[in-house]
Amino acid sequence: MKFKVKKLFFESVDGVRLAGKIYIPKVKVKPLPTVCFCHGIPSPVRLKKDKGYAGLAEKFVKYGFIVLIFNFRGTGFSNGNFTFLGWVKDLKSVINFLCSREDVDKERLAVVGFSGGAIVSNYVVAVDKRVKALVLGACPTYTRKTVGNLVKVIVESGKLGSLRGLSKQYTEKMLHKELLRITPTKWVGKVSPRPILIIHGEKDEVVGLEHAYKLYLKAKKPKKLEIIPEASHRLRLNDKAVKKILGWLKQVFQV
């Protein structure tokens, strides 16, 4: 299926300028099912053959989905400094943007989040009923006792330059507080009755497999758990994982 790609620049609800791209199938019948992908904490190292989220978008748009990818604040081509609650505002703004478009089917709007982006996606979808389906890929879970482990990973990413504005003051005073406010196990049960897919790599080297089981236990029906054999943390680079997500969304939205 042929499609067109448009670069986007739009404002978050608090005025931060965000950058993204929208992929639109060249078909006459509209509105269309739509997917918004949410990236995690960016890695400072990209594999040579890795096309980023553009590669993922191209796979979905060919099946008739409108696809939006974007950079959260403090990453990529977007402005602003990283905070998790800032990312929450960004995703809400993206949903506002998609719901303002006539070519987007409001009854077939999905959010797919990976890793840190899955934490944010889970929280936003739990409180925003406009989203009709949710996919959580390699989503971390944590408690007050274990949140420090995730904080260390985020701080290290900031040191390597993949997050902007990660100051020592923010890390010490706000990061723990923000993460505990949006902790996935607290909010995942509120996604129901909208369907949720929890997908995880069997050999995830960053977020252990036990996180997926904890999340699935807290989720309410309709829910589905997919463990991808031999898959690592970067599920978007795993063909089996991508096919599972695509197949599930096609089934849910009757594409």
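Predicted model: local features only at pLDDT ≥ 70, side-chain atom pairs only at ≥ 80, totals over all residues.
Residues are numbered from 1 along each chain as its sequence is written, and side-chain values use heavy atoms, with hydrogens and water left out.

Back to the helices. Helix 1 is residues 53–61 and helix 8 is residues 239–253; their axes come within 11 Å and cross at roughly 40°. Those axes are lines fitted to C-alpha atoms over the stretch in contact, with angles from 0 to 180 degrees between N-to-C directions. Who touches whom? Helix 1 brings L56, K59 and F60, and helix 8 brings D239, V242, I245, L246 and L249, with contact meaning heavy atoms within 4.5 Å.

Now the strands; helices (H or I, at least four residues) and strands (E, at least two) are DSSP runs, numbered from the N terminus. Strand 2, residues 17–25, has seven of its nine residues buried, that is, under 20% relative accessible area with a 1.4 Å probe, protein chains only. Strand 2 pairs antiparallel with strand 1, residues 3–11, over nine bridges; pairing takes at least two DSSP bridges. K4 has I24 as its bridge partner. The two strands form a hairpin with five residues between them, and G15 in the turn has a positive phi of about 95°.

Strand 2 also runs antiparallel to strand 4, residues 66–70, with four bridges. There, I22 stands opposite L68.

Terms used: Buried < 20%, exposed > 50% of the residue type's maximum accessible area, 1.4 Å probe, protein only.
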